[in-house]
Amino acid sequence: MQLPAILSFFLFFHPHSAPLPPEAVLVDVQKINPYIFVDMRYATKNNFTGEKIYSAARCLLRPKVAKRLSRVAKRLRHKGYGVKVWDAFRPKSAQEKLWNATPPKLRRYVANPKKGSKHTRGVAVDVTLTDTLGRELQMPTPFDTFNIRARSNYENLPKKAIRNRTILHDAMKAEGFLSVSGEWWHFHDAEWRCYPLLDLNFQDVPQ
Ligand SMILES: C[C@@H](N)C(=O)N[C@H](C)C(=O)O
Ligand SMILES: [Zn+2]
């Protein structure tokens, strides 16, 4: 464990230390880098539930993770691409809504709220590749496609979709994000275990 992780653990759990204020725990990603495009899909009805799950369209992350993503955006911009965020920090109450809205046979695609999601730790992002103007490029599937076509190594796809997925994955991995096998759009910080689940809602984090 690196020193900053030990320090953040100490600050969260030491009984005599004051808790960090919410604005120090989570930051608005677009304040860190306005070239990161954002379409918070759970703040709209345009998501797999068909319902508005979030109370605000805020793209919040742990500061270190937001800076990592900012470096991804810079890396992609140099190559003529951009990155768009579909989801980032997710309150626990929203995780419960997603879980309840998911048919039991598809629940392997959603973290059990009793265990908690990496999104609720503020260290996970769901992203896609865009051009420099934020227009989405061809990818293997739409967001939250819960089938094998969404697997990160699925090959029976148009060449362009595979190429764009590789560009996105290479850029994210180069900056320390880990991917998952079942969802090409999901990445999380390699040190996710150092960040506890957050008991915060969007309105708790000052603008
Ligand atoms: C619901 C889907 N976008 C998602 O985030 N799944 C992971 C496993 C999660 O709920 O953390
Ligand atoms: Zn995710």
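## Basis of the model

Residues are numbered from 1 along each chain as its sequence is written, while chains are lettered from A and ligands numbered from 1 in the order in which they are written. The model is predicted, so local features need pLDDT of at least 70 and side-chain atom pairs count only at pLDDT 80 or more, whereas totals for chains, interfaces and linings use all residues; side-chain values use heavy atoms, with hydrogens and water left out.

## Zinc site

Three residues coordinate the zinc ion (ligand 2): H119 through NE2, D126 through OD and H186 through ND1. The distances run from 2.0 to 2.1 Å. Donors here are N, O and S atoms within 2.8 Å of the metal (3.2 Å for Na, K and Ca). Water is not among the atoms, so sites may look incomplete. Along the sequence, the donor residues follow the spacing H-x6-D-x59-H.

H119 and D126 are buried. Buried means under 20% relative accessible area, exposed over 50%, and partly exposed in between (1.4 Å probe, protein chains only).

## H188 in strand β7

H188 sits in strand β7, which spans residues 186-189. Strands are DSSP runs of E with at least two residues, and helices are runs of H or I with at least four; both are numbered from the N terminus. H188 counts as buried because its relative accessibility is 6%.

Setting aside residues up to four places away in sequence, H188 touches K118, V123, A124, G176, F177, L178 and V180. Contact means heavy atoms within 4.5 Å.

## E183, the annotated position

The UniProt annotation "active site", from an unreviewed entry, covers E183. UniProt positions are given in the numbering used here, feature names are shortened, and annotations may be inferred rather than shown by experiment.

E183 lies in the loop between β6 (177-179) and β7. Its relative accessible area is 12%, so E183 is buried. Beyond its neighbours within four places in sequence, E183 contacts Y109, A150 and S152.

## D144 and its backbone

D144 is not a glycine, yet it has a positive phi of about 55 degrees. D144 belongs to the loop between β5 (124-130) and α6 (159-174). With a relative accessible area of 10%, D144 is buried.

## Cysteines

A disulfide is a covalent bond between the sulfur atoms of two cysteines. The rule applied is a pair of cysteine sulfur atoms within 2.5 Å. By this rule the model has zero disulfides.

C59 is buried, at 4% relative accessibility. C194 is buried too, with a relative accessible area of 16%.
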